[in-house]
Amino acid sequence: MQGGCGVSLGGRAEPRVRVGLLGRLTVEAGGEPLLLRGNKRRALLATLLLRAGHTVSAEVLADRMWGRNTQGKDRRGALQVHVARLRALFTEKLGAPFVLGDDGGYRVELLEQECDLLRLRSLVRAARDAAREGDHRTCTDLYARSLELWRGPVLVDVHGHTLHEEEIAPITEELLDVAEEGCAAALALGDDERVAVRIRDITADHPEREPLARMRMAALHRCGRRSEALRVYERTRRALAERQGAEPGGELCSVYRAVLLDDPGSGGDRTTGRADTGPGPEAYGNTALESSGAGSGGPVADTRRPSTVPRPRSFGRRLPLVCTPATAPRCACGHGYVPLPAHEGVPGPAAPHLPEPRSTPPVPSVLPADPGPVIGRNAALADLDRLADPYGDRPRPVLLRGPVGTGTSALALHWAHSVLDAFPDGQLYVDLRGPDGAPRRPGEVQRRLLRVLDPGTADRPPRDTEEGAARIRGALAGRRVLVLLDHARSGEQVRRLLPGPGCAAVVVSRSWLTDLLVRDGVRATEVGPLGAGDAALLLATLLDRGPGPDLHALAQVCGGLPLALRMAVAWLRTRPGHTVSDLVRAVEGVDPAQARTPVARMASVMHAGPVAGRRDRGEVPAAPGSPGQSVGDTSYVWLSSG
């Protein structure tokens, strides 16, 4: 069976599995999403999938799961347990083995249409074949289709230093090479807007990748988006300095100068009334195209449409846009290079000093720390990915709703930390609940946000919430920022805090804020208690011990609520002389009339005080002292339902 453009799609009409590796790990078996629990098991499966069709030794698998520095006899036995559970899971869904044993190791077999990485490689091979045959439009389209499969950082939700270093880093490098080849081919055909949009997220994730930054700057410049092109250069320059202690190379400097010398007010050639065309390939550099597979079959025909971007202004005579940091001297003020006046043997006046762009304001990053392990929430995380679309062109606002104790705040924070790279311009967190438990007023929150986003206007607070909302949207315009609004009480409290296009917002609330869903197009997903197995696994993880019947009993009296489970862990850690069974008996002994919910009963056991209402709301004592010490009416703080 053949797909479009002669790309083989294999022989199966319907894949038995669907595997996603080019982003978050996703697996469908038998037409249903497969929820994979446990970091070690996910690392095991990821390694086998990345090496599909090859046998992976038990030693290599153990290294990817536990790291090279962790040695011992127990690793092989633990590996066999994880493999057995993985096999059972797939056999239940597929009715046949998926993980196969072979010659001291294990392997999986995948067809091309069953895995996004294999499909991408097939499309890239077809694109390079098309380039060699001179079919450059087909080549560009095939590269575009291949890059559409790259959803974000590879296996960002699978943890393991050795796994990322040995398996994922080479895949990422392969994908970046494909992006460079595809964008060079598209630029050669004049698809400037397509390039500017397609590699925006890639350059945000990899700002130090100079060829991609150079091509995006060229595309933006040709589209008339000069200020955006300059911002790309500044981000790359800063990333190179911070991560590598290096400065931009000569080709990137040349593109920067081509953009910086642009004179939008000139309107082209005044003597003829004809608009001059934009800078040609020599101004931007052709290294990526010449070294890529797209150019392996000979030079790609230059069929670019005439650009509406004027040529850079010349000073007397046109100067070659060349910058070589190793030889070009710095100017006296130390703020940039002075370009060489001309090539050897070509006379010309000295070029003006070209300063580096102004430094950009610091990126606001005020998220609280990741609250720790989040277990049993794979489906909710997938919903947030699908609804918010963090790596898409237009991220969307999402409402995460859950009753008290279900861990909505912790889940939202965990998700936000997992997509930080999708929002390089900042991440904001606002607790919409005041210290007294009352909702914060929108005007107060707006003033706080503006102090972070636009410090220069701190002495000019907005006159009303409408002006505040407009100023927040203006401060976020053209940026990719994530806004997390926690403990929302009403739609009116949230509406004037939502960012504009290009930004994402996650609203956490115990209620269905239906007016936001109806009037503002906010999408919603709901979180409930954990299942019995996941609740016991969370307890075992937090207590750093194996699961057992006592933990299952404790999970049951906690109602599967993550807040109650974490309170139980805190109780056990502060009372080393007590057992899990002691705590279960204590919780079961609480009068249900005085504490109606699992959170309230656990708070009662923790001596939260005499006021039942406070226990129901999830408040716990803040005063220091022994666990048995009584506390006063003012000694309460909020224990977040996250």
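**Buried residues, a pocket and a cavity**

Leu155 counts as buried because its relative accessibility is 0%, where buried means under 20% relative accessible area, exposed over 50% and partly exposed in between, computed with a 1.4 Å probe on protein chains only. The model is a predicted one, in which local features need pLDDT of at least 70 and side-chain atom pairs count only at pLDDT 80 or more, while totals for chains, interfaces and linings use all residues. Residues are numbered from 1 along each chain as its sequence is written, and side-chain values use heavy atoms, with hydrogens and water left out.

Leu155 sits in the loop between helix 5 (136–148) and helix 6 (161–188). Helices (H or I, at least four residues) and strands (E, at least two) are DSSP runs, numbered from the N terminus. The phi of Leu155 is near 50°, a positive value in a residue other than glycine. Most residues other than glycine have a negative phi.

Tyr143 and Ala126 are 17 residues apart in sequence, and their C-alpha atoms are 8.9 Å apart in space. In helix 6 there is Thr172, which is buried with a relative accessible area of 15%. Between Thr172 and Leu22 the separation is 150 residues in sequence and 8.9 Å in space, C-alpha to C-alpha.

Another positive phi belongs to His487, near 60°, again in a residue other than glycine. His487 is part of strand 9 (residues 482–488) and is buried, with a relative accessible area of 11%. Its side chain makes a polar contact with the side chain of Arg433 (3.4 Å). A polar contact is a pair of N or O atoms within 3.5 Å; within protein, one must be able to donate a hydrogen and the other to accept it, and residues adjacent in sequence count only if both atoms are side-chain atoms.

Arg433 lies in the loop between strand 8 (427–431) and helix 16 (442–453).

Next come the spaces in the model. On a 1 Å grid over the protein atoms alone, a cavity is a set of points where a 1.4 Å probe fits but cannot get out, and a pocket is an open set with protein on both sides within 12 Å along at least five of seven lines; lining residues have an atom within 4 Å of a point. Grid points are joined across faces, edges and corners, and a volume is the space filled by probe spheres set on the points.

The second largest pocket has a volume of about 1,200 Å³. Its lining has 46 residues, with Arg235, Pro424, Asp425, Arg479 and Arg480 nearest its centre. Helix 10 gives the most to this lining, with nine residues. The lining divides into 20 nonpolar, eight polar and 18 charged residues. Ala, Val, Leu, Ile, Met, Phe, Trp, Tyr, Cys and Pro count as nonpolar, Asp, Glu, Lys and Arg as charged, and the others, Gly among them, as polar.

There are five cavities of 30 Å³ or more.
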